[in-house]
Amino acid sequence: MGEHHVWERANEEQLQAFMRALLDDVAALERLLEEDRIESGVRRIGAEQEMFLVDRALRPAPVALEVLERAADARLTTELARFNLEANLTPLPFGGDCLRRLEAELADVVGRAAEAARALGAEVLLTGILPTLRAGDLRLESLTPAPRYHELNRALRELRQGDFRVSIHGLDELEMTHDNILLESCNTSFQVHLQVGAREFAPLYNLAQAVTAPVLAAAVNSPLLLGQRLWHETRIALFETSVDTRPSALEGRQHKPRVHFGDGWVRDGALEIFREDIARFRVIMTAETGEPPLAALARGEAPDLRALRVHNGTVYRWNRPCYGVADGVAHLRIESRALPAGPTLLDEVANAAFFFGLMSGLAERHPRIDLEMPFEDAKANFFAAARHGLKAQLAWTGGRSLPAPELILVHLLPAAREGLAAAGIDAADIDRYLGVVEERVRRGQTGAQWALGSLASMAGQGTPERQCRALSAAMLARQQEESRSGGAGRPVHTWEPAALEADRDLLRDSYRTVGQFMSTDLFTVRPGDIVDFAASVMDWRHVRHVPVEDERGRLVGVVSHRALLRLVARGAAASNGSAPPTVASIMRADPVTITPETPTLEAMRIMREQRVGCLPVVAGERLVGIVTERDLLDVAATLLEAFLREG
């Protein structure tokens with residue numbers, strides 16, 4: 001959205017003034033197009049790099065403002081959360097050594113951010129979704145304290161008329177509601193820009209829509225969210241729901257989410273998209289708009305179109321049209337937003353090279369991709385690639401349906417090579433970057449597949465928290481190796497699986513709070529269930545405590561193995577013709593509870609003083625886990641073993 005001064009909670013007069021300015025901007029853009037005053041015959045590329053800030057334990061570090069102050073680099077700016085940063089790269093002419101220069105600038109700006117972060121006890125980590133994120137990290141206090149972010153949160157919640165709901169099904173399932181927009185901050189991306197002319201915008205935008213799926217299939221790097229294995233590129237599913245402003249009552253109507261792929265091929269050009277998005281999506285952000293655009297046009301200057309750009313920044317198409325002015329000349333860009341951050345800078349630039357190469361190499365082969373394949377195929381491909389990565393089956397022109405690796409290796413990589421060569425990209429760079437994509441696809445090891453394979457290799461070892469931190473630690477180590485080697489690091493297809501760390505201090509950090517090791521795979525009973533059912537659950541699951549929930553999912557008690565033994569000792573469980581005893585008759589009502597943030601030592605103290613063998617873990621009224629004496633024994637054994645091994 002840029003650094004425009006945003007009005008917080010705009011009044012009706014300000015809203016009407018902004019809408020007037022928005023309509024004036026559309027009219028001015030129409031004039032620019034009619035008078036052929038949009039730059040043409042020029043190709044430039046650009047990029048935006050989003051990144052996570054993590055602490056020594058690989059957990060989110062909310063120090064973005066301090067990092068920015070220390071780094072003092074104009075290319076770096078804030079993002080939604082205090083643990084995110086964004087870097088805006090310098091636009092480059094598309095040709096020659098532009099890809100190498102893009103990678104070099106990425107290394108420079110990320111390195112500057114990392115140096116500033118290290119002085120504050122933090123690190124920069126590039127990953128689509130940080131594996132160690134927890135729901136507790138997404139509280140409103142993690143929101144960057146800038147007016148536009150608070151206004152965005154307020155406006156989106158107001159439109160939604162309540163909490164945001166997330167439902168993502170993959171290997172695991174995630175169902176949750178959240179009361180702010182910080183779910184969006186779980187996502188970090190590597191967004192690439194391609195400048196195009198006005199007259200060629202429609203066919204090239206449609207081509208971008210078609211090639212995004214195969215590029216994404218080879219680039220997926222976000223398989224985990226809040227500990228759950230979901231889509232290979234979970235960012236796509238999460239972003240579409242995390243800022244879904246449609247009230248529940250309207251979801252059955254044809255209201256579109258603000259994050260979307262689109263519903264048809266573009267016919268006329270960028271103006272068609274801008275008009276549709278203004279008509280379809282309510283203004284949620286207003287700002288000072290400055291001079292009327294027609295005044296600038298009358299002087300022969302390119303207008304800023306600030307209102308249009310502010311509104312466009314609140315509509316999140318996966319391929320988004322952008323208007324800009326550089327050196328006094330207006331231009332149009334296609335912003336591709338689907339690619340994730342990481343796993344390395346080399347991998348990111350390789351993904352960008354594949355996209356740019358296809359845009360260049362297929363433009364002549366498929367000048368009207370909209371006549372060669374149904375839009376529904378392009379859209380279905382996009383979600384198949386996000387769900388399954390290289391395991392997706394993708395439709396292509398001529399009615400073909402091919403496995404993603406075959407489509408990429410046989411048909412698309414050769415076209416991308418031709419496209420980069422035609423743009424005058426240095427031959428060595430074509431080999432370097434497209435070679436990375438080719439080997440990644442041949443070996444079938446995307447960032448997502450590496451992460452899932454690493455988790456599989458760690459199965460049965462440590463806690464899920466330790467496994468997620470091992471993934472993050474391995475990513476950070478290899479990214480820093482790339483940084484130290486001057487960009488000659490190892491791309492993700494060469495990585496061996498992550499392994500659990502043995503460092504004693506890091507291990508200790510994995511067990512500081514109960515949320516890091518509590519059991520979350522819970523079996524519960526209800527107060528009206530018969531005692532025999534609770535006893536059977538305990539026997540089948542080999543547990544000594546079962547939480548009791550009411551019909552609304554609220555914790556109301558705990559049944560212990562000891563309570564069952566007492567019942568048996570009294571002979572009450574024997575059948576004598578009377579109604580069988582229920583869970584309500586033996587459960588401990590209103591049990592002592594803790595939260596995921598409760599320190600482990602505090603949980604141990606509570607267990608000793610209250611003389612209980614388990615502590616249910618709740619967030620609000622919702623049961624989210626349980627900690628038992630056995631869990632604490634396992635923690636103690638793990639830490640003691642590490643301590644004795646290191647002497």
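**Strands, helices and aromatic rings in a predicted model**

Student: How many bridges join strand β3 to β4?

Tutor: The structure is a predicted model. In it, strand β3 covers residues 76–78 and runs antiparallel to β4. A hairpin of five residues joins β3 to β4, and T78 has L85 as its bridge partner in β4. The number of bridges that join β3 to β4 is three.

Student: Which residue of β4 is the bridge partner of E50?

Tutor: Strand β2 (residues 44–54) pairs with β4 in the antiparallel sense, over five bridges. Strand β4 spans residues 84–88, and four of its five residues are buried. The bridge partner of E50 in β4 is E86.

Student: Is E105 buried or exposed?

Tutor: E105 is found in helix α3. Not counting residues up to four places away in sequence, E105 touches R75, L89 and T90. Its relative accessible area is 13%. Buried means under 20%, so E105 is buried.

Student: Why is strand β20 described as largely enclosed by the rest of the structure?

Tutor: Strand β20 consists of residues 555–560.

Student: Which residue takes a positive phi in the hairpin of β19 and β20?

Tutor: This hairpin has five residues between the strands. The phi in question is near 80°. The residue that takes it is G553.

Student: How many residues apart in sequence are the parts that the pair of F94 and F356 ties together?

Tutor: The count of aromatic pairs comes to 13. F94 and F356 form a tilted pair, 5.8 Å centre to centre with 55° between the planes. F94 lies in the loop between β5 (92–93) and α3 (98–118), while F356 lies in helix α10 (residues 345–361), so the pair ties together parts whose separation in sequence is 262 residues.

Student: Are F94 and F356 buried or exposed?

Tutor: The two residues form an aromatic pair. In terms of accessible area, F94 and F356 are both buried.

Student: Are helices α12 and α13 roughly parallel or roughly antiparallel to each other?

Tutor: Helix α12 (residues 404–422) and helix α13 (residues 427–443) pack with their axes 11 Å apart, at an angle of about 175°. Angles over 145 degrees count as roughly antiparallel. Therefore, α12 and α13 are roughly antiparallel.

Student: How many nonpolar residues does the contact of α12 with α13 have?

Tutor: The contact includes I408, L409 and L413 of α12 and I430, L434 and V437 of α13. By class, the contact also has one polar and four charged residues. The number of nonpolar residues is eleven.

Note on methods. Residues numbered from 1 in each chain as written. Predicted model: local features only at pLDDT ≥ 70, side-chain atom pairs only at ≥ 80, totals over all residues. Heavy atoms only, no water. Buried < 20%, exposed > 50% of the residue type's maximum accessible area, 1.4 Å probe, protein only. Helix = DSSP H or I, 4+ residues; strand = E, 2+ residues; numbered from the N terminus. Pairing = 2+ DSSP bridges. Phe/Tyr/Trp six-rings, centres within 6.5 Å; stacked < 30°, edge-to-face > 60°. Axes fitted to C-alpha atoms, helices over the stretch in contact; angles between N-to-C directions. Parallel < 35°, antiparallel > 145°, perpendicular 65-115°, else oblique. Contact = heavy atoms within 4.5 Å. Nonpolar A, V, L, I, M, F, W, Y, C, P; charged D, E, K, R; others polar.
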